[in-house]
Every structure is written in C-alpha cells, then in structure tokens.
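Please read it with the sequence and the structure side by side.

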Amino acid sequence: KIYPLPHMYVVKDLVPDMTHFFEQYASVQPWLQREEAIDYGKEQLHQTVEDRKKLDGLYECILCACCSTSCPSYWWNSDKYLGPAVLLQSYRWLADSRDHKNQGATRKSWQILFQFYRCHTIMNCTKTCPKGLNPGKAIAEIKKLMAKHL
C-alpha cells in the first residue's frame, strides 16, 4: 500500500502540503554566503579535495521530507524543531569551506539557537532516507560546532 507522508496535511490524494517544510528550509538561508562581492561567471571558488569530501552525504539530499516525517520530535514540535532534512541542509552550508558566514555565530542557522537539540537521536531519519544519507550525523556535527563556538 502507498500512503502520503505522515503528519503532514494532505492536499489531494498522495500530495502533502509542504509549505511549512519549505519555509523552514528557507529559514536557514541555504545558499553560499560570502563576505566580499563575487563576480559570478568570471571567477571560480576553488576547494581542496579534503574540503569537498566533507560535503559528501550532504548535498545529495532531494528534500523529499521522508526523514522529517519519520521523526517523532518533528511530529510533536514541527513549529519549533526544524527537522532532520532542514538541519542536514543547514550543516551542508556550515561545512562548506567556501562559505564565509559559517564562521562563529554569523550564519543564520546559528541564530536558530538550540532548535537542533530537540533531536533525541532516535535515528528514524537515517533509516527512512531513500538516498541513504545520515541526517542524524549532520545534527550531531552541528551540536559539536555549537559547543565549540559557545
């Protein structure tokens, strides 16, 4: 049997209303942020091979929300807790060496203080991800970064 994503309002048939999910996604400003102005198309932003490897398992997320809708913390606190998918994407930018806003407390995702502490490491997110990603690990890495910068 096929069912719509759990704990989301259904618009029609199997189509869930993902408005709140994508608002949360936008709240972490999921794009490259630099201090200086960039003349796009004329200059490349190079990364070392090691820095690029840090992004493996992060950029592949397709934002299907399977991990978020399988998370009990997200079911109970979707108004406060961003959920595994959004936090995975947040960490994707925090881990990117080309992003200058990831230093200290400058990136918007740092301003959403302690929202990731609602994760209770149940790990349903990792079990249900169709791409085999590990949002739980990304959340743990954010917690480590947060502890380091506080």
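1. The largest nonpolar core has 30 residues, and those with the most contacts inside it are F21, L58, Y81 and Y91. A nonpolar core is here a set of buried Ala, Val, Leu, Ile, Met, Phe, Trp, Tyr and Cys residues joined through side-chain atoms within 4.5 Å; buried means under 20% relative accessible area, exposed over 50%, and partly exposed in between, with a 1.4 Å probe and protein chains only. At least two residues of this core come from each of α1, α5 and α8 (135-149), and the largest share, 6 residues, is supplied by α5. Helices are DSSP runs of H or I with at least four residues, numbered from the N terminus.

2. A word on the basis of these values. This is a predicted model, in which local features need pLDDT of at least 70 and side-chain atom pairs count only at pLDDT 80 or more, while totals for chains, interfaces and linings use all residues. Residues are numbered from 1 along each chain as its sequence is written, and side-chain values use heavy atoms, with hydrogens and water left out.

3. V28 lies in the loop between α1 and α2 and is buried, with a relative accessible area of 1%; its C-alpha atom is separated by 9.6 Å from that of Y91, although V28 and Y91 are 63 residues apart along the chain. D96 sits in the loop between α5 (84-94) and α6 and is buried as well, at a relative accessible area of 0%. The side chain of D96 makes a polar contact with the side chain of R92, at 2.8 Å. Such a contact is a pair of N or O atoms within 3.5 Å, where within protein one atom must be able to donate a hydrogen and the other to accept it, and where residues adjacent in sequence count only if both atoms are side-chain atoms.

4. How many disulfides does a search of the whole structure find? The count is 0, a disulfide being a pair of cysteine sulfur atoms within 2.5 Å. The sulfur of C64 has its closest cysteine sulfur in C66, 3.6 Å away, which is too far for a bond, and C64 is partly exposed, with a relative accessible area of 25%. For C129, the closest cysteine sulfur is that of C64, at 6.2 Å, again too far for a bond; C129 is buried, at 16% relative accessible area.

5. Please check the backbone at two places. Most residues other than glycine have a negative phi. L63, which is not a glycine, has a positive phi of about 55 degrees; L63 is found in the loop between α2 (49-53) and α3 (66-69) and counts as buried at 16% relative accessibility. M123 also has a positive phi, near 70 degrees, in a residue other than glycine; M123 belongs to the loop between α6 (108-111) and α7 (124-128) and counts as partly exposed at 28% relative accessibility.

6. On a 1 Å grid over the protein atoms alone, a cavity is a set of points where a 1.4 Å probe fits but cannot get out, a pocket is an open set with protein on both sides within 12 Å along at least five of seven lines, and lining residues have an atom within 4 Å of a point. Grid points are joined across faces, edges and corners, and a volume is the space filled by probe spheres set on the points. The largest cavity has a volume of about 80 Å³, and its lining includes L63, C64 and C129. The second largest cavity, of about 60 Å³, has Y81 and M123 among its lining residues.

7. The second largest pocket holds about 190 Å³ of space, and F21, Y74 and W75 are among the residues that line this pocket. Both α1 (19-27) and α4 (72-77) supply at least two residues of the lining, with α1 giving the most, 3 residues.
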